[in-house]
Amino acid sequence: MKRFLRSLLCVGFGVLAVACVRHKIIPDSKLALIFHDAFLANAYVGNRNMTRDSLNLYEPIFARYGYTTEDVHYTIGNFSKRKSARLGDVVERAIAMLEAEGKYYNREVAVLDTIDNVAVRSSRQIVYTDSLIRVRSLADTAKARFVFDVVPGDYDVRLVYEIDSLDRNAKGIRCSMWLERADGSQTSLSASVLRRHREERLSRHFKTDSSHRRLHVVLVGFADRPQRPHVTVRDFEVVRTLPKREAVERLYEQQLDIRIFADGFFGGLADDREERPGAEAENRTPAADGPQVDSAAGSGSPKLPSANPASR
């Protein structure tokens, strides 16, 4: 009898507990935040072609705000019972939050891109330049061969050339450029057959790292047995650009004394800055205006090597 009464009481308490469980109604403001995070999650998954499991994707978002999947379903299902409420209004609020954040981050990216571009442009250095090179004989081809020591960065080779009717190389003249590694092997070979009888521009880009030792440029080479060339090269130059990170650090170091990255540098931008949308929901504040400067970063960069033409 006691066992029966004990079992009956347990069943009764269990039924009572289930009957008392009620799903939560999520306030509109919190529901808008949930939709906002769900939109971001969808965009993240979609851009990476990831397989989507809706349960695994959204449940952590609901849990972040203290709700379950059933709470969300229950809240959405009850919108029809609320005369003054529209689910579309909540969705529009989430979209407005996303648009406001987009404007904020676009402005932040624009500032950083501007600084990066200024830094990269200011870091460009001419390794070698020659306004006029004439190759009128086989002996002159030595003047059109160059070897440059390189350090990590970007190298751009640019020139203007013309092969006139006096050139005797029927199978063409080639311009070749390549990088030499520390072990002597070649990489990033670029070989072009030069066009004849008209002025042409030629440019090549090379990205170097610590494994590269030299850049080779052969302006006049031959596809067949060499004959008398008649080539004119103008505005030949080799330009080196620092890697972006190193360029930005160097610009900061150069400009710290005159404070161009203080409030005055950004001018009215600082006054127009808005607090990052959604920060109040996360109890966070946006990063301080402008990029942060690491005073200990990069005490200097390796010196640029001077151009050493193989022979002139």
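Start by selecting K207. K207 is exposed, with a relative accessible area of 56%. (Exposed means over 50% relative accessible area, buried under 20%, and partly exposed in between, with a 1.4 Å probe and protein chains only.)

Before moving on, note that this is a predicted model, in which local features need pLDDT of at least 70 and side-chain atom pairs count only at pLDDT 80 or more, while totals for chains, interfaces and linings use all residues. Residues are numbered from 1 along each chain as its sequence is written, and side-chain values use heavy atoms, leaving out hydrogens and water.

**Stop 1: D154 and K207.** D154 sits in strand β3 (residues 153-163) and K207 in strand β6 (residues 200-208), so the pair ties together parts 53 residues apart in sequence. (Strands, E, of at least two residues and helices, H or I, of at least four are DSSP runs, numbered from the N terminus.) A salt bridge here is a side-chain nitrogen of Lys or Arg within 4 Å of a carboxyl oxygen of Asp or Glu. Is D154 buried or exposed? D154 is buried, at 12% relative accessibility.

**Stop 2: R214 and E180.** Select both. Their closest N and O atoms are 3.1 Å apart, in a salt bridge. This pair also links distant parts of the chain: R214 is in strand β7 (residues 212-222), E180 in strand β4 (residues 173-181), 34 residues apart. R214 is partly exposed at 28%; E180 is buried at 9%.

**Stop 3: E200 and R198.** Another salt bridge joins these side chains, 2.5 Å from N to O. E200 is buried at 15%, and R198 is partly exposed at 44%. Now select D149, E180, R213 and R214: salt bridges with shared partners join them into one network. Across the whole structure, a search finds 12 salt bridges.

**Stop 4: the sheet.** Switch to a cartoon view. Which strands make up the open sheet of 4 strands? The order is β2-β7-β4-β5, with antiparallel pairing. β2 (145-149) and β5 (186-193) stand at the edges with a single partner strand each, so one side of each has no neighbour in the sheet. From one strand to the next, the twist averages 10 degrees. (Axes are lines fitted to C-alpha atoms, for helices over the stretch in contact; angles run from 0 to 180 degrees between N-to-C directions.)

**Stop 5: β2 and β7.** These strands pair in the antiparallel sense over 5 bridges. (Two strands pair if DSSP finds at least two bridges between them.) Finish on F146, which stands opposite V217 in β7.
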